[in-house]
Amino acid sequence: MSSISAISAAATLGLSASTPRSTLHALPPIGLGTSEVESLTSYFCRLANSHACTTNDLAKFIIERIEPGRWETHQGTPGKSRFVWYQRSISGVGDSALNWAGMLSALTGVATLQQLTLLPLQGCVAAKGLMATRARWCPYCLADDQREGQQPYFRLAWDIGLNKVCVRHLTALIARCPHCNASNVRHTANVVVPGWCTACGCFLGSAIPLDPTIPPATEQKLEIEQARCITDLLAAMSTSPETGPAFTPDIESFHQGVERLIGDMDGGLAAHFARRLGVRKSTVHYWRTVRTPLTLEALVRIAMHCGVSLANLLQGTLADWCPPPTTQQLALQLGYPLPNQHRPKRQHDWGAIRQRLRDELKQTEPRSVTEVAKALDIDVRHLYIQATTEARTLGACYVQHLHQRALQAQTAIYAELLQACEILRENGESITVEQVAQLVEPRTLNSTRHLYTVLSSLAGQAANDAAM
Ligand SMILES: [Zn+2]
Ligand SMILES: [Zn+2]
């Protein structure tokens with residue numbers, strides 16, 4: 001626990017309003033903008049190691065900030081918390097991922113942590129069945145990491161259920177330790193070092209290099225194509241806006257895109273499109289009417305059959321797309337109905353929002369980040385993810401402001417109590433709580449901590465003042 005206490009101490013000390021020090025190490029994520037981008041789970045484990053504390057202790061530290069009391073008091077049994085961090089999809093699309101990415105961004109000051117999760121797909125890809133139910137890895141990737149002198153880490157791609165193979169080595173991902181045959185060895189222990197089995201402690205990377213002359217099995221070809229589709233998407237998703245085009249999926253643009261695909265590929269006929277994809281006609285009909293997020297499996301099918309990347313499909317950017325040449329086109333441009341006008345997805349102007357946060361800092365009475373988020377109608381976690389520095393600075397400034405206010409209140413209370421003590425002394429009366437209570441507001445007594453100690457010290461001070 002000592003390292004966690006050190007972290008807490010750092011949290012308390014790091015209150016400088018101008019440049020808040022990060023509470024946790026600002027560890028750079030691995031593989032951003034590539035198909036081998038790290039997962040948030042991996043980042044979290046590496047962060048715990050870099051602080052030389054257990055993953056459990058770090059999880060507790062984070063959970064207590066996300067949901068105070070959640071860790072200790074589950075079902076009223078102290079120390080028997082059933083919060084199991086590794087069962088949460090902290091790299092997924094749900095609230096857990098948003099909470100963890102937001103909190104880790106706030107604590108580390110690293111602004112790109114959302115890109116280590118599938119959060120950018122939220123609302124565009126169905127969450128159900130998206131994440132793998134077991135921890136899997138490529139033993140050759142881990143061995144490569146070690147050979148190249150880099151810290152082994154878990155790839156986000158390994159957390160996606162549909163992804164069965166490594167696109168770099170064209171081999172199946174594995175889920176059991178080759179040494180002890182245990183599963184879920186990536187993360188069920190107190191100390192997790194990415195790349196080592198948590199059951200037997202052995203390295204999970206392959207000791208034998210891959211023989212590049214052995215071609216992948218025929219039945220793996222489809223899985224390899226699927227994996228390419230998925231990892232290309234991960235690369236597009238984790239590219240920072242400074243180095244490449246921003247990835248902005250939108251469910252309505254996606255469905256408009258699907259209409260275009262059905263139109264150009266199959267003359268607008270859902271039945272033909274369904275047959276092409278190998279799904280039921282009613283399924284395609286359902287997509288067109290309900291316009292809900294599709295499963296990743298369905299999206300990959302569409303992408304592969306139509307020759308479009310998942311990133312373009314999800315963003316509805318089909319301007320440069322044309323039907324694959326081998327396709328027998330039944331009809332072109334049959335005048336399928338134009339999509340309904342829709343309310344455009346809310347786009348935040350993050351530049352303006354950052355400025356708003358900076359303006360807020362100049363106020364004499366700064367507001368909390370939560371209050372400002374509410375006023376801007378933005379989820380506070382997004383503020384921490386997108387405007388990390390500004391949100392953290394404002395948070396630190398607000399805490400300092402609270403401290404200052406508490407200090408002022410205390411000074412006023414002490415002055416009032418001291419005055420009461422002096423009056424009692426002058427009147428030759430003894431200084432007791434009951435006597436003081438006659439002279440000050442009840443509120444003053446109620447809000448004084450350690451009342452007896454304070455009074456006895458003030459009585460001494462009143463005596464001293466009188467003697468001078
Ligand atoms: Zn690999
Ligand atoms: Zn093992």
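Modeller: The largest nonpolar core has 96 residues. Leu40, Ala101, Leu299, Ala303 and Leu310 have the most contacts inside it. This is a predicted model: local features need pLDDT of at least 70, side-chain atom pairs pLDDT 80 or more, while totals for chains, interfaces and linings use all residues. Residues are numbered from 1 along each chain as its sequence is written, and chains are lettered from A and ligands numbered from 1 in the order written.

Biologist: What makes a set of residues a nonpolar core?

Modeller: Its members are buried Ala, Val, Leu, Ile, Met, Phe, Trp, Tyr and Cys residues, joined through C-beta atoms within 7 Å. Helix H4 (residues 95–108) gives the largest share of the core, eight residues. Helices are DSSP runs of H or I, at least four residues, numbered from the N terminus. Another core, of nine residues, lies apart and includes Leu417 and Ala462.

Biologist: Why is leucine 402 called exposed?

Modeller: Count other C-beta atoms within 10 Å, placed from the backbone: 20 or more means buried, 12 or fewer exposed, in between partly exposed. Leucine 402 has 12 such neighbours, so it counts as exposed. Leucine 402 lies in helix H15 (residues 388–426).

Biologist: Why is H7 called roughly perpendicular to H8?

Modeller: The axes of H7 (residues 251–266) and H8 (residues 270–277) cross at roughly 90° and come within 9 Å. Axes are lines fitted to C-alpha atoms over the stretch in contact, with angles from 0 to 180 degrees between N-to-C directions. Under 35 degrees is roughly parallel, over 145 roughly antiparallel, 65 to 115 roughly perpendicular, the rest oblique. Therefore H7 is roughly perpendicular to H8.

Methods: Helix = DSSP H or I, 4+ residues; strand = E, 2+ residues; numbered from the N terminus.
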